[in-house]
Amino acid sequence: MTLEIQARDRLIVALDCSAAEAIAHANALAGTVRWLKVGMTLFYQEGPAIVRTLQDRGFDIFLDLKLHDIPHQVNGAARAAARLGVQMLTVHASGGPDMMQAACEGSYAGADEAGVQPPSILAITVLTSMSDAALALVGIQRSAAQQVELLASLAIEAGVDGIVCSPLETGAVRAVVGADRLVVTPGVRPVWAEKGDQSRITTPLDALSSGASHLVVGRPITGADVPADAAALIISEMEAGTR
């Protein structure tokens, strides 16, 4: 992998909580981490205002809205999101190449209108909560690993900037997308943290060594007694893997 990113800049802290909790976490993590993830729970509660509040505190924002609709709607949504000046935005690869391309085009247009850099468009492959058995229940007979590789290939052809996948698939995805695109992995749990509700997980060190560019970590940090200490511990683990 040729992306040269410092360990601190690889960690994205997920804020799936209320606005008050998000702001408290941001205040606690300022100076320790660069990235915060605003997902659907927080964004649907608070709207664009919470993004601006966190940006005002100096953070880069991963806006994880998992856009999935007809291309026209996704184009408009990506255009609006890009105007906020966020750095990453997600779409579902299962929406197909036309939808992903519409997201890219919308993000470019919105960023140009606002005079900001367009966000990196990241394609969600298979959610980390989905096992092979869960995929079979919705009619997908391929394994999670096979489905991830298929969707990653479609996403790259559609022009996205990176892929979101479980850390168990990062090696295969890195081989598909090449050295310079982003590979963002949720489902990362340090060895001292509980597994939670995600079924395809691994440690920060293993995810990085497999080819991840960024790691998304939520509850092990936000649920810690001292979130900044937990984040610093994970960053130390990541630094060990990038030396």
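Lys37 is buried, with a relative accessible area of 8%, and that makes a handy place to start a tour of this predicted model. The residue sits in strand E2, which is part of a closed barrel of 8 strands.

- Asp64 belongs to strand E3.
- The side chain of Asp64 makes a polar contact of 2.7 Å with the side chain of Lys66.
- Setting aside neighbours within four places in sequence, Asp64 is in contact with Lys37, Val38, Gly39, Met40, Thr90 and Ile124.

**The barrel**

- The strand order is E1-E2-E3-E4-E5-E6-E7-E8, the pairing is parallel, and the barrel is closed.
- On average, neighbouring strands of this sheet are turned by 25° against each other, with direction ignored.
- How many bridges pair E1 with E8? There are 3, in the parallel sense, and Val13 stands opposite Val217 of E8.
- E7 and E8 also run parallel, joined by 2 bridges, and here Thr185 is opposite Leu215 of E8.
- In strand E8 (residues 214-217), His214 and Val216 point one way while Leu215 and Val217 point the other way, and all are buried.
- Strand E6 (residues 162-164) and strand E7 (residues 182-185) run parallel and are joined by 3 bridges, with Val164 opposite Val184 of E7.
- Helix H8 (residues 170-177) packs on the sheet and touches both E6 and E7; its direction makes about 160° with that of E7.

**Helix H3 and its buried face**

- Which residues of helix H3 (residues 48-56) are buried? They are Ile50, Val51 and Leu54.
- Viewed down the axis of H3, these buried residues fall within an arc of 105°, so they line one face of the helix.
- H3 lies across E1, E2 and E3, and runs at about 155° to E3.
- After H3 comes Gly58, which has a positive phi, near 95°.

**Helices H4 and H5**

- Two packed helices are described by the angle between their axes and the distance between the axes.
- Helix H4 (residues 71-82) and helix H5 (residues 97-114) pack at an angle of about 30°, and their axes are 7 Å apart.
- The crossing of H4 and H5 is right-handed.
- On the H4 side, the contact is made by Pro71, Val74, Asn75, Ala78, Arg79 and Ala82.
- On the H5 side, the contributors include Asp98, Met99, Ala102, Ala103, Glu105 and Gly106, along with Ser107, Ala109, Gly110, Ala111 and Glu113.

Technical notes. Residues numbered from 1 in each chain as written. Predicted model: local features only at pLDDT ≥ 70, side-chain atom pairs only at ≥ 80, totals over all residues. Heavy atoms only, no water. Buried < 20%, exposed > 50% of the residue type's maximum accessible area, 1.4 Å probe, protein only. Helix = DSSP H or I, 4+ residues; strand = E, 2+ residues; numbered from the N terminus. Arc of directions from axis to C-beta. Pairing = 2+ DSSP bridges. Axes fitted to C-alpha atoms, helices over the stretch in contact; angles between N-to-C directions. Contact = heavy atoms within 4.5 Å. Polar contact = N/O pair within 3.5 Å; in protein donor to acceptor, adjacent residues only side chain to side chain. Left-handed = near helix turned anticlockwise from the far one by under 90°.
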